[in-house]
Structure formats: structure tokens, C-alpha cells
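Here's a quick tour for anyone meeting this structure for the first time. Have a look at the chain, then read on for the main points.

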Amino acid sequence: MNASRRHFLRQSCGLAATAGPLLPGSPPPTPWGLAGGGPLAADQAPPADTSGYRALVCLYLAGGNDAHNWIVPTDSTSHLEYTRARGPLAWPAQQLQAPGSTGQAAGRSFGMPLELAPMRKWYEAGKLAVLSNVGALVRPLTKAEYTAGGSAVPPKLYSHNDQQSFWQSLAPEGAASGWGGRMGDLLQSANAQPLLTSVSACGNAVFLTGHSVQQYQLGESGPIRIEALGRDRMMGSAQTAALLRRVVLAGGSDPFQSDYARLTQRSLDTTALLSTALTHAAMPALPTTAVTLPSGGSLRLDQEGLARQLRIVAQMIAAGTGLGMRRQVFMVSVGGFDTHANQRRDQPLLMARVAHSMDWFLTALQGAGLLDRTTLFTASDFGRTLTSNGQGSDHGWGAHHFIAGGAVKGRQIYGHFPITALGTATDVDNGRLLPTVSVTEYAATLGRWMGLSRSELGTVLPNLGNFSVPDLGFLA
């Protein structure tokens with residue numbers, strides 16, 4: 001790699017980006033999801049360290065998760081303040097399980113709802129950590145600066161589309177690339193199959209789109225096939241099926257036709273390669289027995305979309321080394337977190353869906369000896385208000401998130417857990433928390449684990465220089 005080419009890549013990766021964000025209503029995955037025309041892997045700048053294999057998995061909670069009820073202060077003073085602020089949304093102390101250690105100030109204690117017991121198990125095992133009060137920030141911000149407004153305040157706060165985009169790309173809606181994809185730009189040269197660097201199991205996501213790398217989209221059962229081109233017969237005729245393949249794949253003098261044929265052939269080839277690899281990537285089947293939940297409902301993982309997404313990701317991770325992969329970035333998603341109404345009714349099931357799906361995923365990877373090579377982290381549009389609107393909570397800002405995997409330094413709440421009350425230094429309005437940790441710092445810590453150097457992280461995360469903590473310490 002010559003210096004000028006590396007400089008060009010870094011400059012292009014550092015441009016502000018934007019494209020349609022993922023989430024409910026996003027287009028379904030297509031067989032052409034892998035078929036972009038970027039530079040080949042040989043044209044990518046090598047990252048600092050791509051030894052071994054590592055996989056980064058984003059679990060996106062679509063709609064804005066109310067994380068105030070996922071990790072709850074339980075010491076008497078804090079829980080009273082929390083209850084006063086939350087009103088009918090507050091989680092009763094008797095329905096909370098205390099983690100063994102937190103790393104927060106003396107005298108403070110916390111609990112997790114019984115629905116999150118499968119996640120608490122991994123926390124206690126030292127394989128899951130909490131990152132408190134994370135949110136969209138251009139640079140560190142005070143409450144006074146927020147009140148005064150100006151360019152230091154992230155644009156279009158509390159808007160689903162814009163904050164989905166900011167979390168995934170660090171730019172408002174319209175960004176052309178995401179920070180996961182920009183990591184892929186720098187990582188794909190380490191992979192024998194660069195088209196499988198950036199992989200979505202939940203449809204199109206700006207998070208996974210880079211300047212040169214394009215996301216490969218999977219279905220819950222594996223590659224999305226071009227059915228018509230895979231048939232031996234069409235309209236009862238083998239000749240018709242063969243003719244269709246010849247016409248589609250023939251190319252020709254027209255540039256569009258030629259490119260379409262090339263990309264279609266690449267899709268077919270990759271589907272065949274991946275289908276074979278996944279056949280040999282054994283993972284347990286999802287259980288068909290219903291789990292009875294503390295709330296009184298039940299859950300079957302084999303019928304749970306998030307669990308099915310995580311299972312195909314687990315298979316991809318298991319197949320990774322056999323495919324010559326060293327670094328992969330994945331995304332899965334589950335919706336329903338825009339809880340303006342019926343929050344106390346719906347939130348327990350949402351928690352259980354995430355907790356049991358994560359537990360299955362981590363257990364399967366541990367059984368395959370792959371947990372140390374995988375880090376899963378949560379993300380969402382934004383947090384929610386501490387106050388209730390009567391039945392639910394409205395759009396907020398800072399929120400708590402979870403990181404799990406073999407490299408996680410768990411049994412710890414990272415960052416300063418805010419006072420869960422109204423009128424504090426972090427309450428900017430109606431119980432909306434001013435973040436004390438930025439998405440940029442969150443991403444930088446994950447990127448460092450993936451092997452990126454500080455300078456490379458600067459091309460992935462354009463605002464990194466505005467923050468003094470490029471590594472939050474939750475990964476070994």
C-alpha cells in the first residue's frame with residue numbers, strides 16, 4: 001500500500017456520511033445486498049492488528065429503549081428519587097435482582113429486573129458489562145450549553161430517523177456510510193472473502209455501509225437466493241430456465257447490462273460458497289420449548305426473530321475462519337421499543353426477548369469456543385424520558401447499554417451512573433438525560449478491540465478528537 005493511496009482512503013473515510021437508516025419499514029434483504037462495486041481488498045489500507053479472528057455484533061433496539069428500567073438504582077435514597085421521577089413506570093424493588101458488584105460510588109446499589117436474569121447471569125460471570133448514560137454528542141456538553149443551543153448540540157435530537165442515523169453513522173439522516181462500515185473499509189483487506197466483512201441479518205442498515213465495503217444481507221436461514229436463476233425448470237421447461245440464466249449473465253456492450261451481469265454472478269457465487277460453509281458450521285437448534293416468564297407470559301426462541309437472526313450470525317462466526325475471515329462486523333435488530341403507551345405491559349416481554357436471545361447466542365458461542373472472539377453490544381435511537389406521559393415514556397437522550405462477550409471486563413457499570421431524578425445536572429428537560437458518554441467513545445473502544453489504531457479510528461469517527469477518552473476500558 002503506497003502512502004498516497006492510504007492517505008486517499010483515510011481522507012474519503014473521514015468524510016461525513018449518510019444513508020437511509022435501518023429499522024421497522026426498512027427494505028427486506030435482497031440477493032444483491034453483497035453486490036456493490038467498490039475497490040478490491042488489495043486497495044484497502046491494512047489495520048494495525050488483524051491477527052486471529054474477531055467479530056463485532058451490533059444488537060439494535062429499534063424505537064428508543066427505555067433503559068432506565070433495565071438497570072435501576074436500589075439504595076434507599078436513589079430508589080425513592082427514581083420512583084418519584086418515574087411514577088407508574090417505576091420497577092418495584094422486589095422485582096429487581098442486585099448484581100454482585102458495580103464499580104460505582106460507595107453507598108450506591110443497583111438491580112436488574114427478573115426478566116433480565118439471563119443477562120445478569122453473564123454479568124455475574126464477568127462476560128457482560130453496563131455502559132451508563134450513552135448518547136449522541138458532537139463534543140462534551142454541559143447543561144448550560146445545551147440550554148443556550150448552538151452547533152455543539154447534536155442536530156435534530158429526539159427525532160427517530162435522525163438519531164437512528166446518528167447512532168449508526170455519527171451524522172443525521174441522509175448519511176452515506178456508518179461507522180461499522182467505515183471500520184470494514186479498513187478491515188476487509190485482512191479477509192479472504194472481503195464481501196463478507198460487513199453482514200446484516202436485519203435488512204439494509206447505514207451502520208454497515210462503508211465508502212468501499214458494502215454490506216452483505218442474510219436472511220434468518222442463510223443467503224438470500226435468486227430463486228429464478230437457481231431453478232432447473234421454468235414454466236415446465238429446462239430450456240427456458242437455461243435461457244434465462246444465459247440472458248441475465250451474458251453481459252454485453254451496454255455498461256449497465258454488463259455490470260448487472262457481473263454483480264449477479266458474484267451474488268450467485270457467494271451464495272454457493274456461503275451455503276456450503278454454513279452447512280459445516282454446526283450450531284445448536286433454537287429450543288422449541290416455551291420459557292415461562294416472570295411476568296406470566298411465555299417465549300419460544302424458535303419463533304423469536306431476534307434469536308433466529310443471532311443464530312445465523314453465530315453460524316457465520318463459526319464459518320469465519322474456514323472462509324479465511326479475520327474481521328467481521330454484524331448487525332441484528334428487534335423493534336417495539338417506542339413505548340409511548342402500554343410500557344408496563346409491553347416492556348417485560350421486550351426485555352425477555354432480548355435477554356433470552358442473547359443468552360442463547362453467548363451460550364452457543366461459548367460451546368463452540370468462539371466467545372472470546374466475539375463482542376456483542378447494544379444500541380438504540382435514544383433513551384427516554386424519566387417522566388411518564390401516563391402510559392409510557394417519550395423520546396429522550398442518554399441511555400444505558402450492554403456489552404457482552406469473552407473479551408468484556410464484566411461485573412462492572414462503566415461511566416458515572418447518573419442520579420435518576422428530576423432537576424439534576426444531567427436532566428435537560430422532562431427527565432431527558434444529558435449523556436456523559438458519547439457514541440463516538442463507545443465506538444472507539446469497540447474499534448480498538450477490532451485492531452484499529454488511533455489514527456485509523458480518527459478516519460472512522462470524525463469527531464474522535466473532541467473527546468479525551470478514546471478507550472472506555474470495558475474490553476480487554
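**The chain at a glance**

The accessible surface of the chain comes to about 17,700 Å², and 53% of that belongs to carbon and sulfur atoms (areas come from the Shrake-Rupley method with a 1.4 Å probe; for residues, only the protein chains shown count as cover). Keep in mind that this is a predicted model: local features need pLDDT of at least 70, side-chain atom pairs count only at pLDDT 80 or more, and totals for chains, interfaces and linings use all residues. Residues are numbered from 1 along each chain as its sequence is written, and side-chain values use heavy atoms, with hydrogens and water left out.

**Overall make-up**

- You'll find 13 helices and 17 strands here (DSSP runs numbered from the N terminus: helices are H or I with at least four residues, strands are E with at least two).
- Of the 476 residues, 56% are buried (under 20% relative accessible area, with a 1.4 Å probe and protein chains only).

- Strand 2 meets strand 4 (residues 110-113) over two bridges, and Pro73 has Phe110 as its bridge partner.

**Around strand 7**

- Strand 7 (residues 216-219) is covered on both faces: Tyr216 and Leu218 on one side, Gln217 and Gly219 on the other, are all buried.
- Strand 6 (residues 198-200) runs parallel to strand 7, joined by two bridges, with Ser200 opposite Gln217.
- Strand 8 (residues 222-223) runs antiparallel to strand 7, and Gly219 has Gly222 as its bridge partner.
- Strands 7 and 8 form a hairpin with two residues between them.

Conventions
Buried means under 20% relative accessible area, exposed over 50%, partly exposed in between (1.4 Å probe, protein chains only). Two strands pair if DSSP finds at least two bridges between them.
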